[in-house]
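Work through the exercises below with the sequence and the model at hand, and try each task before reading its solution.

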Amino acid sequence: MQLSLMPTPESRNKSATKGLPEVIRDQLRYEILSGTLPVGTQLRQDALAERFQTSRLPVREALRQLESEGLVTYLRNRGAVVAGMEVDQICELLDIRVALECYAARIGVPNMVQHDIDQLTKILAAYNASESVAEWAEYNRRFHLALSAPANNRRLRRLIEEFCLNTDRYTHEMMSIATGKEGPQSDHYQILDACKQRDGEKVASLLEKHILETKHNLLATARIRSVESERGREAEPDLLALKGARLHS
């Protein structure tokens, strides 16, 4: 099963009313989040202007908007590049997600109708059928955004979307190693059951536990990688000495 992160027909219709900076922003955002443009990729304004057949002005505005989302940063002597993020920065964003998503759940879950439940169920079914880490991350993102929709607060949803996008981009690969698909998906179904009961407080509690579990797994995975890296550096002199001994034997 192949998942497309490209805009849906609905979003394409909406994009017809967007200005050129927003169209460029959306395309670059898609390429960054899907991994087509990896961390550190230089985003040269003249090259992008040529690619999108426009002047540098809308490109500059698109990059400014992506910078505000944390997807682009500016480096001395390099200009705009795809932003990276340290583990502690990701953890800060996860803490913010807890605050935003739990609040949205408390005010939104009591407003849910059957259509909302059906949407969540459909997303989780697609999550079950997905086969790649990128697909898991995308359906995870869709599930969390669908949870926030019944809060009927577009600014709140936009903030949640921003932080979901930023954290998922960095965590989905590491989390797949730490937990696989089954652990997060089990959490999702518990959240869905609480949504069916229209229990906003229970959903908020489950969401907090779910997001903080991601944070704890992320920290553990980073710690393990750090230890393994240190061991590798410690073993390197011994390996060089062994090679030297063989050369002289």
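**Exercise 1: the nonpolar cores**

The largest nonpolar core has 29 residues, and those with the most contacts inside it are Leu-120, Leu-147, Ile-191, Cys-195 and Val-203. A nonpolar core here is a set of buried Ala, Val, Leu, Ile, Met, Phe, Trp, Tyr and Cys residues joined through side-chain atoms within 4.5 Å; buried means under 20% relative accessible area, exposed over 50%, and partly exposed in between, with a 1.4 Å probe and protein chains only. The model is predicted, so local features need pLDDT of at least 70 and side-chain atom pairs count only at pLDDT 80 or more, while totals for chains, interfaces and linings use all residues. Residues are numbered from 1 along each chain as its sequence is written, and side-chain values use heavy atoms, with hydrogens and water left out.

Task: find which elements give two or more residues to this core, and then trace the contacts of Leu-147.

Solution. Step one is to list the elements, which are α5 (87-108), α6 (114-129), α7, α9 and α10; helices (H or I, at least four residues) and strands (E, at least two) are DSSP runs, numbered from the N terminus. Step two takes Leu-147, which, leaving aside its neighbours within four places in sequence, is in contact (heavy atoms within 4.5 Å) with Met-112, Leu-120, Ile-191, Cys-195 and Leu-207. Step three is to set apart another core, of 15 residues, which includes Leu-28, Leu-43, Ala-80 and Val-82.

**Exercise 2: helix α7**

Task: compare the span of α7 with the expected one, and decide how far the helix is enclosed.

Solution. Helix α7 (residues 133-148) has 16 residues and reaches 23 Å from its first C-alpha to its last, close to the 22 Å expected at 1.5 Å a residue, where the expected span is 1.5 Å times one less than the number of residues.

**Exercise 3: a histidine in α9**

Task: is His-188 buried or exposed, and what does its side chain meet?

Solution. His-188, which is found in helix α9, counts as buried because its relative accessibility is 0%. Its side chain makes a polar contact with the side chain of His-210 at 3.3 Å; such a contact is a pair of N or O atoms within 3.5 Å, and within protein one must be able to donate a hydrogen and the other to accept it, with residues adjacent in sequence counting only if both atoms are side-chain atoms. Leaving aside neighbours within four places in sequence, the residues in contact with His-188 are Leu-124, Tyr-127, Asn-140, Phe-143, His-144 and His-210.
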